[in-house]
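Visitor: I have a protein model here and I'd like to learn how to read it. Could you walk me through it?

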Amino acid sequence: MNELIGHQEVMRGLRAGLATGTMPHASLFIGPSGVGKATVAQAYVRSLLCPTTRGGESLGGCQRCEVCHKIDVRCHADLQWVEKAEGTTRISIDQVRELSRFLSLTPMEAEWKVAIVDDAA
């Protein structure tokens, strides 16, 4: 995952957490629109859930296995993306309730549940 320019410090910190197994329970990526926050978050999720690279320093998963493919097409059972609905300016309370319910369930495919809340401002 070297194609992201300007995120070296963030990626170094994420890699260190992956290598030592000391990942935070939540991460917040902030910045202007279009700088790659969701791309870095998605790479991090692949690193957490990919069975090939789990526990290593690689950021972005193997990008070849079924798990990485499911993450890329947003259909992994233990990953939920939350985004503003088309035509709205905010994430709705119903979306937050659904996310809370999703995160309270036992993981189905992976060791843990993961959520990406995109453009929550």
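Visitor: Which residues does L79 touch, not counting those up to four places away in sequence?

Guide: A contact means heavy atoms within 4.5 Å. By that rule, and leaving out residues up to four places away in sequence, L79 touches V45, I71, F102, V114, A115 and I116. Keep in mind that this is a predicted model: local features need pLDDT of at least 70, side-chain atom pairs count only at pLDDT 80 or more, and totals for chains, interfaces and linings use all residues. Residues are numbered from 1 along each chain as its sequence is written, and side-chain values use heavy atoms, with hydrogens and water left out.

Visitor: Which residues have the most contacts inside the largest nonpolar core?

Guide: A nonpolar core is a set of buried Ala, Val, Leu, Ile, Met, Phe, Trp, Tyr and Cys residues joined through side-chain atoms within 4.5 Å. Buried means under 20% relative accessible area, exposed means over 50%, and partly exposed is in between (1.4 Å probe, protein chains only). Here the largest core has 22 residues, and V45, L49, L59 and L79 have the most contacts inside it. Two or more residues come from each of α1 (8–20), α2 (37–49), α3 (66–72), β1 (79–82) and β2 (114–117). The top giver is α2, with seven residues.

Visitor: In what order do the elements run from the N terminus on?

Guide: Helices (H or I, at least four residues) and strands (E, at least two) are DSSP runs, numbered from the N terminus. This protein has four helices and two strands, in the order α-α-α-β-α-β. Its radius of gyration is 14 Å, close to the 14 Å that the globule rule gives for 121 residues, so the protein is as compact as a globular protein of that length. That radius is taken over C-alpha atoms, and the rule is 2.2 Å times the number of residues to the power 0.38.

Visitor: How much of the protein is buried?

Guide: Buried residues make up 34% of the 121. As for contacts with a separation of 6 or more, 53% are between residues 24 or more positions apart.

Visitor: Which phi does Q63 have, positive or negative?

Guide: Positive, about 65°, although Q63 is not a glycine. You'll find Q63 in the loop between α2 and α3, and at 45% relative accessibility Q63 counts as partly exposed. R74 also isn't a glycine, and its phi is positive at about 60°. Look for R74 in the loop between α3 and β1; this residue is partly exposed, with a relative accessible area of 40%.
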